[in-house]
Amino acid sequence: MPSLGADMEAGTLVEQLIAPGQPVKRGDVIGAVETQKGVIEIEVFEDGVLETWLIEIGTEVPVGTALAVIRSDDEVAEDIPPEPQKDVQEPVTAKPPPAQVGTRPRITPAARRLMAQMGVDAADLDIAAGETIARVDIETRHPRAKPKPQADMRTAIAAAMSRSKREIPHYYLSHTVDLTAADAFATRTNAGRSPEDRLLITVLYAKAIARAVGKYPEFNGHFKEDLFHPSEAVHLGLATHIRGGGLVAAALLDAEDQPLDALMASMRDLVTRVRAGRFKARELSDATITLTSLGERGVDQLYGVIYPPQVAIVGVGTQRMQPVVHEGQVTARLAASLTLAADHRVSDGHRGALFLRAIDKFLQEPETL
Amino acid sequence: MSRHDVETAIAEELYRIAPDIDLADVDRGADLREEFDIDSMDFLTLVTALSKRFGTDMPEADYQQMRSFDALATYLQTHTS
C-alpha cells in the first residue's frame with residue numbers, strides 16, 4: 001500500500017486489474033486503492049510477472065503492506081517466491097468485500113473519467129456482470145468515445161508533462177542576451193537573398209545551443225533507468241505550436257553537424273511537416289535537448305518543462321528593444337531573455353549558468369556559427 | 001495586375017498557412033501576423049510563396065511595408081507590373 005500523501009495511514013484495495021501470471025511493465029496500472037482523497041490508481045515500477053495478489057479486494061490495510069508479488073524479468077524462473085503467509089498478512093480492519101464479483105461491473109478510474117468526459121453512461125455499454133472495464137474497453141465499445149486527434153495530442157502532452165513534473169527535479173536559470181550582433185548578422189546575410197534562402201534568428205539560437213552542448217554534455221542526452229546517458233549527436237527538439245491547439249517538439253537531427261544554411265532548410269522542412277502532422281517517429285523519440293522560443297509576439301520570458309527522458313530545455317523569450325548597459329552607457333538594445341530548465345539529478349546551477357553563457361557567447365559571434 | 005487578382009493570390013497563400021482564419025473576419029488594415037496568428041516561420045513561408053508567384057524579390061528590408069493585408073496588397077501591386 002503506497003503512501004499517497006503524508007497524512008495517509010491506510011487504504012482499501014478496490015480494484016485488481018491484472019490477474020496472477022500476467023506480465024506487467026513499468027508504468028502499468030495494476031489496481032486501484034480507495035483513500036480519503038478518492039480512488040487512486042496503482043502503477044508498477046518494474047517489468048515482470050504478477051505472481052500473486054496478497055490482499056483481497058475490499059480489504060483496508062496500513063501503508064507499507066505488500067499488495068502483490070511481482071517477479072522481475074531478471075529473476076530466474078525457478079526462483080518461486082514463498083507462499084504468502086496469510087496469518088501474518090492478516091489485515092488490520094477487514095471489511096466484508098463489497099458486492100463486486102458477479103453483480104455489477106468494475107470500472108477503472110481512468111475509464112470512469114473518460115466516460116464522464118465523453119458523456120457516456122455505463123448503461124450504454126454492453127458490460128457483463130462482474131466484468132472489469134478499463135479505458136481501452138470504453139474506446140472500443142463506444143464509437144462516440146473515440147477521442148479526436150486534438151484530444152489525443154492533449155492527452156499525450158498531459159502524460160509527458162505530468163511525468164516530467166513528477167519525476168524530474170527541475171532547476172531554473174535566466175540570463176539576458178544582447179541580440180544586436182545576431183540580428184545584424186541575419187539582416188546582412190538575408191539582404192541579397194531570395195526568400196527561400198533567408199535565415200530566421202531562431203536558427204541562430206538552435207545552432208548556438210548545438211555548439212554549446214559540445215562543451216556541456218550533461219545537458220544533452222537521456223535520463224533512463226536512474227542513469228544519465230549523454231548523447232554524442234545533438235538532436236535538437238523544436239517546440240512547435242500547432243494551429244488550433246497543441247504542441248509538438250520534433251527534433252532537428254544532427255543539428256551540430258549542419259552548417260547554418262543547411263540547418264535553416266532542415267528547420268523549415270521540419271516545421272512545415274510538423275504543422276501538417278507528418279513527422280518520423282525518430283524525430284519525436286530521439287530529441288536530446290529542446291529549444292522553445294516564444295517568437296515575435298510572445299512575452300519576455302518562459303521557463304520550459306523538460307520533455308522526459310531529456311534533461312534540459314532552453315527557452316528564448318520575445319526579443320525587444322530594452323535598456324541595456326553597453327560599454328558603460330544605458331542604451332536601447334535588441335535583447336531577449338534566455339532561460340534554462342534542467343534536471344538537477346544530472347547537473348547543477350553552476351554548470352547550467354556556464355552553459356547559458358556559452359550560448360550567449362556564440363550569439364555574440366554569429367559568423368562563427 | 002488588378003487589385004482583385006493580387007488580393008485573391010494573397011488570400012490563397014494565407015489559406016494554405018492559416019486555413020482556420022476566415023478573411024471576412026479579419027481587419028485588413030491591422031497587423032497581418034496578429035490577425036492570422038502567424039509566426040516568423042509562417043510569414044517567411046508566405047513571402048516565399050508570393051515572391052515566386054509574382055516574380056518579385058520582396059526583400060527583408062521591405063517587410064515594414066507588408067505589415068497588414070492591405071499594405072501587402074499595395075506593396076505587391078506597386079512592385080509588379
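Predicted model: local features only at pLDDT ≥ 70, side-chain atom pairs only at ≥ 80, totals over all residues.

Q: What share of the residues in chain B is buried?
A: Of the 81 residues in chain B, 46% are buried. The chain exposes about 4,000 Å², of which carbon and sulfur atoms supply 48%.

Q: How do I read contacts along chain B?
A: Look at how far apart in sequence the partners are. Among contacts in chain B between residues at least 6 apart, 57% join residues at least 24 apart.

Q: Is B:Thr8 buried, partly exposed or exposed?
A: B:Thr8 is partly exposed, because its relative accessibility is 32% and that class runs between 20% and 50%.

Q: Which residues gather in a patch of negative charge on the surface?
A: The patch holds A:Glu46, A:Asp47, A:Asp73, A:Asp74, A:Glu225 and A:Asp226. A:Asp73 belongs to the loop between strands S7 (68-72) and S8 (93-94) of chain A; with a relative accessible area of 54%, A:Asp73 is exposed. A:Glu225 is in the loop between S12 (221-224) and S13 (227-230), and at 74% relative accessibility this residue is also exposed.

Q: What should I look for in the backbone angles?
A: Most residues other than glycine have a negative phi, and most peptide bonds are trans. A:Glu225 has a positive phi, near 50 degrees. A:Asp254 has a positive phi of about 50 degrees; its loop joins strand S15 (247-252) to helix H6 (260-275). A cis peptide bond, with omega about 5 degrees, joins A:Pro308 and A:Pro309. A:Pro309 is in the loop between S16 and S17.

Q: Which residues is A:Leu294 in contact with, leaving aside its neighbours within four places in sequence?
A: The partners are A:Val299, A:Gln301, A:Leu302, A:Val316, A:Gly317 and A:Thr318. A:Leu294 lies in the loop between strands S16 (289-293) and S17 (312-316) and is partly exposed, at 32% relative accessible area. The C-alpha atoms of A:Leu294 and A:Ala239 are separated by 9.5 Å, with the two residues 55 apart along the chain.

Note on methods: Residues numbered from 1 in each chain as written. Chains lettered and ligands numbered in written order. Heavy atoms only, no water. Patch = residues over 30% accessible without salt bridge, like charges linked within 9 Å, V, L, I, M, F, W, Y side chains within 5 Å. Areas by Shrake-Rupley, 256 points an atom, 1.4 Å probe, with all protein chains shown as cover. Salt bridge = Lys/Arg side-chain N within 4 Å of Asp/Glu carboxyl O. Lys, Arg positive; Asp, Glu negative; His and termini not counted. Charge placed at Lys NZ, Arg CZ, Asp CG, Glu CD. Helix = DSSP H or I, 4+ residues; strand = E, 2+ residues; numbered from the N terminus. Buried < 20%, exposed > 50% of the residue type's maximum accessible area, 1.4 Å probe, protein only. Contact = heavy atoms within 4.5 Å.
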